[in-house]
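Please consult the sequence and the structure as they are shown here.

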Amino acid sequence: MTVLGLVESDGNGLADSSLRVLAFGHALARSSGTGLAAVLFGPAAAVPAGELAGHGVPDAYAIDSPLLAGYAPVAWARALSGLVTDVSATAVVAAGHDRGNELMAHLAAITGLPMAANCVSAAAQPGGGCRLVRQRWAGSLLEDATLDAEVALLTVAVDAVAATAPETPATTSVHVVEPQPEAADLRVCAAESATRGAGISLATARVVVGGGRGVGGPEGFAPLEELAGLLGAAVGVSRVVTSQGWRPHTQQVGQTGTRITPELYLACGISGAIQHMAGCMGAKHIVAINTDPGAPIISRAEYAVIGDLNEVIPALVAEIKKRHDQP
Amino acid sequence: MDILVCVKRVPMVGGRIAVTPDGQDVDTRMSGFTVSPHEECAVEEAVQITERLGGTVTVLTLGPAEAMQQLRDMLALGAGRALLLETDGREWGPIATAAAIADAARRRAEGPEGPYGLLLFGNEAADTGDYQVGVRVAHTLGLPCVTGIKNLEITSGGARARREYRGSEEVFDIPLPAVISVKEGINLPRYPSLPGRLRAKRAAIDTLRPEWHSEGLRKDRLRVPAQEQHQAQVLGSGAEAAPALVRLLEELGILS
């Protein structure tokens with residue numbers, strides 16, 4: 001009887017999304033009177049046992065096989081399903097990012113169990129099953145749902161669940177699991193190509209300067225680029241900008257683009273459709289520049305300037321430069 | 001290559017989203033319907049592949065009779081055939097949806113035309129975001145599967161599919177037939193041409209009526225999350241607001 005939380009290291013210990021998985025998993029385990037155990041892919045030596053102990057996780061399972069060193073979704077999911085049986089898991093929880101959702105979907109297909117993606121909270125019900133809240137429309141709507149399943153397969157909406165440290169540190173025992181993957185399950189296996197990435201990454205930028213329809217065309221981005229340069233910011237755009245072909249899709253902020261979490265999002269000429277807001281609701285502060293005081297973004301932003309970005313941005317750039325020039 | 005593309009009819013939502021009084025659906029009285037964005041890109045990708053390599057594109061949706069409109073929209077983009085898995089309008093869960101799609105693919109495989117060479121899906125539907133229908137179809141049909149694909153090449157031996165992962169790129173070489181789910185950004189879908197629209201209007205649409213099944217995950221109700229409804233603090237108008245903006249950037253620690 002245990003809740004399994006699938007976690008990963010990102011080079012600096014547990015990934016931020018994994019800390020959220022643990023917080024979610026602790027709450028679910030508590031509601032069902034069971035315990036939480038962590039699962040990782042890789043050798044036991046790579047398990048951040050000290051960190052897991054600090055998050056109150058008494059057991060960690062390292063799924064280790066030379067054949068699973070590369071990401072092979074079906075073989076990884078098959079290994080997870082074996083562990084679910086071995087430890088009589090009542091739930092498996094993974095991060096609701098692309099890989100977490102993919103892996104859990106394979107686990108769901110292999111086991112024939114239902115799966116609830118992007119959950120915000122879940123609690124066991126006295127009679128069995130669990131009640132949960134999950135995101136729809138990338139978080140613009142919430143769904144209250146009931147899950148009846150022998151094992152609850154859940155992914156966590158990582159932008160909506162806080163990573164809290166639990167009260168009681170434990171010591172973590174690491175158990176090694178050595179599955180024997182079948183060749184058929186290794187048919188699909190990822191090769192990772194060299195890290196790209198010149199410039200500031202949109203997903204992790206501290207400041208994002210966003211441009212929407214109000215920019216007017218591909219040429220209109222020069223002042224936004226200049227402002228971004230002065231602020232050390234990344235440039236993001238709304239969906240209309242990428243579907244017009246004004247900017248590449250890699251710069252899109254929103255439900256079908258990148259979710260951003262900057263200190264400041266400066267949204268210029270963006271009306272604020274829900275699909276866009278789903279991508280920037282993780283920003284700490286939003287400043288909107290828009291000609292229309294009735295635009296939806298004005299009621300979601302903290303600060304606003306009413307006006308044409310083609311006048312406001314050059315004036316702002318000039319003001320910042322003037323400031324730099326002062327002794 | 002003969003390609004099946006699965007799309008979903010979803011409400012067209014703009015500045016706000018509302019729920020019907022019974023909490024069961026998105027209120028669509030003021031909006032129309034469209035196809036999830038990732039799936040529109042899947043149709044474009046399929047059309048581009050068949051333009052290069054020959055073959056047919058069949059677009060499939062599971063939904064009420066009204067979803068024929070979305071199939072016609074996709075025919076106008078260049079798909080050649082359409083298949084409606086007609087429902088009574090109830091929401092279908094991902095398990096039942098995948099079973100119905102796999103069944104339709106199997107019927108085709110058992111017929112004179114043989115199996116599809118490629119099954120394309122969107123990575124996740126815009127509304128329910130279940131992230132699993134394509135994967136379940138792949139397992140039911142015993143096909144390899146990759147999701148979240150942003151670049152696809154058909155090679156002599158199969159397909160090379162690429163996607164982003166933590167700022168780098170993952171590359172998958174997979175044999176065909178396969179199930180591949182794609183993301184917006186893989187291409188820029190074309191606008192429908194006038195001849196395309198006219199052809200779509202007249203096209204025959206095949207229909208199957210699969211049986212609905214309940215599943216373990218049940219929706220109780222939908223709701224709009226509580227959020228502070230406030231009006232932004234207006235710093236000023238036009239170019240004159242620049243000094244106030246700079247002061248704000250200083251206060252927030254963006255400019256030091």
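Two strands are said to pair if DSSP finds at least two bridges between them. The model discussed here is predicted. With that criterion in mind, strand S10 (residues 191-193) of chain A is joined to S10(B) by three bridges, and the two strands run antiparallel.

In total, 73 residues of chain A are in contact with 66 residues of chain B. On the side of chain B that touches chain A, two or more residues are given by each of helix H1 (37-53), helix H4 (133-141), strand S7 (145-149), strand S10 (168-175), strand S13 (217-223), strand S14 (233-237) and helix H6 (242-251) of chain B. The largest share of this side, seven residues, is provided by S13(B). Sorted by class, the side of chain B that touches chain A comprises 33 nonpolar, 20 polar and 13 charged residues.

Attention now turns to the division within chain A. Domain 1 covers 2-186 and domain 2 covers 207-325. Taken over C-alpha atoms, the centres of these two domains of chain A are separated by 36 Å. The contact between them involves five residues of domain 1 of chain A and six residues of domain 2 of chain A. On the side of domain 1 that touches domain 2 in chain A, two residues are nonpolar, two are polar and one is charged.

How values were computed:
Residues are numbered from 1 along each chain as its sequence is written. Chains are lettered from A and ligands numbered from 1 in the order in which they are written. This is a predicted model: local features need pLDDT of at least 70, side-chain atom pairs count only at pLDDT 80 or more; totals for chains, interfaces and linings use all residues. Two residues are in contact if their C-beta atoms, placed from the backbone, lie within 7 Å. Helices (H or I, at least four residues) and strands (E, at least two) are DSSP runs, numbered from the N terminus. Ala, Val, Leu, Ile, Met, Phe, Trp, Tyr, Cys and Pro count as nonpolar, Asp, Glu, Lys and Arg as charged, and the others, Gly among them, as polar. Domain bounds come from an automatic or database domain assignment.
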